[in-house]
Amino acid sequence: MSGTRVWCDGCYDMVHFGHANSLRQAKAMGDYLVVGVHTDEEITCHKGPPVFSEEERYRMVRAIKWVDEVVEAAPYVTTLETLDRHKSEFCVHGDDITMTADGTDTYHIVKSAGRYKECQRTQGVSTTNLVGRMLLLSMDHMQRGDQEYQVDKDRSSDMSSDSTTHSPWTGVSQFLPTTQKILQFSNKEGPKKNDKIVYVAGAFDLFHIGHLDFLEKCRELGTYLIVGLHTDPVVNRYKGSNFPIMNIHERTLSALAYRCVDEVVIGAPYSVTLEMINHFNVSVVCHGKTDVMPDVDGKDPYAIPKKEGKFVAVESGNSLTTEMLVQRILSRRLDYEERNTKKEAKEMAAYQAFVKSRENQE
C-alpha cells in the first residue's frame, strides 16, 4: 500500500462513536489506517474485564468505515517494533492518558521517538460512562420534551460506588451534537438512480455485534441501506426501564460509523408510511425476528410495507439484544464498579502529576 500508513490501537470495548471519531481523525492524518486490538487477557490485566470478547471486538472494528486493516492481539504498550512491523509511520491516540496496571503511559516509547500524534477526544462518551448509565438505571441521559436538546453533564464517577474521583477524561460527560459532526460521519452521497434501497428502523441502542450482523444482512437485500432511528420517548415506550441507554444524537453517530449504513433518518416515525416509502424510493423494508409492539393506535407499524409486498423478516443469526448486553454488565456489576473507580483514580493521579509538572516548568 502506497502512501502514509497510520497506526491506532486500543481495547475498542463496547465500540461507540467516540472510538469511531478517533479513527476518523487518525485516517485523515494519512492514507491507510491499521488498527491494533488488544486481547481479553491484556485488557483484564491492565484495565478490568472487557464487556465484549476479543472476537466480537475485532469484528466491530473491522466494520468501521475508516478502518483499512485490523491487527489482532496487539500489545498493550505500543512499541517501535509494532509500528515497523506494520509499516506504520506513526501512532495516533486521543488527548487523554492510557496507562498500564502499574501506571505507565502506554505510549511513552513512541512519544519519545517522535512517532506519536494526538487527535481530539470526543467529549461526553466513554465505555466507562456508558457502563455507568446502565449501573445507575437512570433516565437522565435521554432527550425528552423540554430537555430534548439539553447537554448531558453527568460524571461517570457519580455512577460508581466512589464519587470522590473526578477524572478530566473519563468523568466529564458533555457530548455536543453539531451538524458538523454529523457531516463528518455521513457518507455525503445520496443513492444513485439505479440503487435498490433498503429501509430498516429501530433503536440500535449501544450499537453492538448483534446490530452489525443484522444490518449487514439487510444491506445484502439491496445496494443502499437507510437506517431509521426512533426518538428516545418512542424507544422507551417499547423497551421500558431506562432504555435507550444512548440518546438519539449518540445513536445517530454510532450507526453512521459503520460502512454498511449509507444514511440515517433521525427520529424516524414508528409506523412505516407509504409517504416515507415513496419519498425514499424504498424497495425493501426489513425487520428482525423479534416481536413488534403495535403503534399507539394499536396498529401494526409494518402494515403498509406488508400490504405493498415490500416487507422482509431478516434472520441475522445473532441472538444478542441490547437488553441481554445490559444484563451481561449488570450481572457483573461489582466488577465494573471497581473497574470504573480504579480507572478514574489512576487517571486523576496522572492528571495531577501532569498539572504539577506544568506548574514547575512555569
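Q: Are phenylalanine 207 and tyrosine 258 buried or exposed?
A: Buried means under 20% relative accessible area, exposed means over 50%, and partly exposed lies in between (1.4 Å probe, protein chains only). Here both phenylalanine 207 and tyrosine 258 are buried. This is a predicted model: local features need pLDDT of at least 70, side-chain atom pairs count only at pLDDT 80 or more, and totals for chains, interfaces and linings use all residues. Residues are numbered from 1 along each chain as its sequence is written, and side-chain values use heavy atoms, leaving out hydrogens and water.

Q: How many aromatic pairs does the structure hold?
A: A pair of aromatic rings is described by the distance of the centres and the angle of the planes. Rings of Phe, Tyr and Trp (its six-membered ring) pair with centres within 6.5 Å; planes under 30 degrees apart are stacked, over 60 edge-to-face, the rest tilted. This structure has five such pairs. The ring centres of phenylalanine 207 and tyrosine 258 are 4.6 Å apart and the planes are at 15°, so this pair is stacked.

Q: Where do phenylalanine 207 and tyrosine 258 lie?
A: Helices (H or I, at least four residues) and strands (E, at least two) are DSSP runs, numbered from the N terminus. Phenylalanine 207 is in the loop between strand S6 (197–202) and helix H8 (209–219), and tyrosine 258 is in the loop between helix H10 (248–256) and strand S8 (263–266), so the pair ties together parts 51 residues apart in sequence.

Q: How many residues of H10 are buried?
A: Nine of its nine residues. Among them are Ile248, His249, Glu250 and Arg251. At the start of H10, a side-chain oxygen of asparagine 247 comes within 3.0 Å of the backbone nitrogen of histidine 249.

Q: Which residue meets glutamate 250 in a salt bridge?
A: Side chains of opposite charge can pair when their charged atoms come close. A salt bridge puts a side-chain nitrogen of Lys or Arg within 4 Å of a carboxyl oxygen of Asp or Glu. Glutamate 250 meets arginine 133 (2.8 Å, N to O). Glutamate 250 is in helix H10 and arginine 133 in helix H6 (residues 127–136), so the pair ties together parts 117 residues apart in sequence. Both glutamate 250 and arginine 133 are buried. Elsewhere, salt bridges that share partners join Arg59, Asp213 and Glu216 into one network.

Q: How many salt bridges does the structure hold?
A: It holds 14. One joins the side chains of arginine 115 and aspartate 84, at 3.0 Å, N to O. Arginine 115 sits in the loop between helix H5 (108–112) and strand S5 (116–119), and aspartate 84 in helix H4 (residues 80–85), so parts 31 residues apart in sequence are tied together. Arginine 115 is buried, at 18% relative accessible area. Aspartate 84 is partly exposed, at 47%.

Q: Which ring does the charged end of lysine 117 sit over?
A: A charge sits over a ring if NZ of Lys or CZ of Arg is within 6 Å of the ring centre and within 35 degrees of the ring normal. The charged end of lysine 117 sits over phenylalanine 90, 4.2 Å from the ring centre. Lysine 306 lies over the face of phenylalanine 311, at 5.1 Å from the ring centre.

How values were computed: Polar contact = N/O pair within 3.5 Å; in protein donor to acceptor, adjacent residues only side chain to side chain.
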